[in-house]
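Dear colleague,

Please find below the structure that I am handing over to you. My notes on it follow directly after.

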Amino acid sequence: MTYCVAARLDSGLVFLADSRTNAGVDQISVFRKMTVFERPGDRVMVLMSSGNLAVSQAVLNALARQHDEGGETVWNAPDMFEATRRVGAAVRDVYHHEAPALREQGVDFNVNLIFGGQIGAERCRLFQVYSAGNFIEAGQECPYFQIGEAKYGKPILDRVLRPDTSLDEAAKCALISMDSTLRSNISVGLPLDLLVYDTHSLRVTHFASIDEHNEYFRMIRGTWGERLRQVFAEIPDPLWTNPDAPESLVPLSRVHQPLRAEPVDTLAPSYAAPQVLAEDPGKDQAN
């Protein structure tokens, strides 16, 4: 499995990806999910992938083939929207060649991509590309995307990330999101690739490959768990016997009753009563 998360902020972009792939509990490997397209002074673009690893690698090869053939590529796209459209075209090209054979083997064509960056003077942009090659763009209301095993790391993103969040805070938030996922799902694992891009720099601003020996990430894992337990202990326990208290779970203003099933009479006979045939009322008269 995979977990990747990226955020588009007023000050730039943050990308984070794990590197674990597995085909069962006894076949675990490391494959990096983040690819960087960088031409300093002109453009920086980052692609992260989840889903079928063979399909993801085929999409990267299709993008490279676009460049080798001298046609429309992400390297000569005039803006990020057009670059993303070309990534989607690469996905559809792979689907055209690979999907029939996958269907014969009962395998779904499954790939999800996060693609973001900046070209020239255009603002930073962030997209999520689906298996059909179509895509959506991150906005002010939801400035981040997740792909892969997303559910465990989502709550912290919803509570913390805003467009005006600083790059350092967003990187910290992404790492906490990843830590929550690592703790709850063994199919996501180290090392991690973390990339931070400062808007208008047109070059990779910061990059780190994080393994189990990284002191900062170890500090985050320990501190976050400790502070969660501390805050949990500080929250008052629910009150059941004082309806007037603000902590009460059963205020007088509401009626609290569970949904109850109708009782079953366990002493009733389990057999059907004998059936009695009605006599013909005209029988005695006939005799």
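Val107 is located in the loop that connects helix 2 (80-104) with strand 7 (111-119); helices (H or I, at least four residues) and strands (E, at least two) are DSSP runs, numbered from the N terminus. The model is predicted: local features need pLDDT of at least 70 and side-chain atom pairs count only at pLDDT 80 or more, while totals for chains, interfaces and linings use all residues. Residues are numbered from 1 along each chain as its sequence is written, and side-chain values use heavy atoms, with hydrogens and water left out.

With a relative accessible area of 32%, Val107 is partly exposed (buried means under 20% relative accessible area, exposed over 50%, partly exposed in between; 1.4 Å probe, protein chains only). Neighbours within four places in sequence aside, Val107 is in contact (heavy atoms within 4.5 Å) with Asn52 and Leu102.

Ser248 sits in the loop between helix 5 (215-234) and helix 6 (283-286). Ser248 is buried, its relative accessible area being 11%. Apart from neighbours within four places in sequence, Ser248 has contacts with Leu239, Asn242 and Pro243.

In strand 1 (residues 3-9), 7 of its 7 residues are buried. Strand 1 runs antiparallel to strand 10 (residues 144-148), joined by 5 bridges, and antiparallel to strand 2 (residues 12-17), joined by 6 bridges; two strands pair if DSSP finds at least two bridges between them. Ala6 stands opposite Phe145 in strand 10, and its bridge partner in strand 2 is Phe15. Strands 1 and 2 form a hairpin with 2 residues between them.

Yours sincerely
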